[in-house]
Amino acid sequence: MSAALESLLDLLDLEQIEQDIFRGMSRSAVVPRVFGGQVAAQALVAAGRTVPEDRGAHSLHAYFLRPGDPGAPIVYSVDRIRDGRSFTTRRVVAVQHGKPIFHLSASFQVHEEGMDHQAVMPPAPDPETLPTAAEMLPRYAHRFTDPRMVDRLLEARAAVDLRYVDAPPFATAGEPREPRSQVWFRTHGKLADDPLLHVCMATYVSDMTLLDSVLLAHGRGGWSVGDVVGASLDHAMWFHRPFRADEWLLYDQESPSASGGRGLGQARIYTADGKLAITVIQEGLVRVPRD
């Protein structure tokens, strides 16, 4: 296991300070605020720790309310909304400096058998044939306005092996493309056999590239290039089938719409053997900077 992954796991191992109240710390991000995927993953950890072990997370719906301060702890307060025979519902509010910065509702379900069908996994190359971030990012250093950006991106993604199938937005800025993007990802090291941990790790990664397809449609390079400003507004995930975040997962993303300063990204995450594991939808603030 890499040191970066150990550090991320420490972040997800929240401190319980009272019944249904947890505290988490933050790590540095590319932008000067707490990474949204971290807050979502920590909130799901907090919710999951109040749920019986026989109930797995099957969906979450969240809103990013305020930018998080990476220099201050985040307090997660869990409301036990409902404990039914099959489903358990939790609501989590993340608070910093006395104000809510994030709100999450999550639902958990006892495993049961039922009807089963899925969308077919789209074609994608073998992830082992694609360049790693350390191999790919330095090629585009000249496109970043900040000379430290390559190192900052590598640090922010050090816990995850994330490989682009096609060129990322910052590589083709100024050239509009089809609003579709694919990446393969897995953690840099094996994880414990805890289904909640794998779900939380996928939640963490899901916020990294989902709005790429919005940028591609307009030939924008993204926040690291400086030709857009933005932030995640809301995030929803549905967990369909078991998966491991330490094994290759294909993140197939597209954007059906952008308007009103907002862009919508939707995606499906597949296991390497073609099982549809997760569906993700996110809307983000995407603005072109004014001169």
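Reader: How much space lies in the largest pocket?
Author: This is a predicted model, where local features need pLDDT of at least 70 and side-chain atom pairs 80 or more, while totals for chains, interfaces and linings use all residues. A pocket is an open set of 1 Å grid points over the protein atoms alone, where a 1.4 Å probe fits, with protein on both sides within 12 Å along at least five of seven lines. Counting the space filled by probe spheres on those points, the largest pocket holds about 1,200 Å³.

Reader: Which residues lie nearest the centre of the largest pocket?
Author: Residues are numbered from 1 along each chain, and side-chain values use heavy atoms, without hydrogens or water. Lining residues have an atom within 4 Å of a point, and 33 residues line this pocket. Nearest its centre lie Ala57, His111, Phe239, His240 and Pro242.

Reader: Which elements each supply at least two residues of the lining?
Author: Elements are DSSP runs: helices (H or I) have at least four residues and strands (E) at least two. Those supplying at least two lining residues each are S3 (55-64), S6 (99-110), H5 and S9 (229-239).

Reader: Which element has the lowest mean pLDDT?
Author: pLDDT is the predictor's confidence in each residue, from 0 to 100, and the protein averages 94. Strand S5 (residues 87-96) has the highest mean, 98. The lowest, 89, belongs to helix H4.
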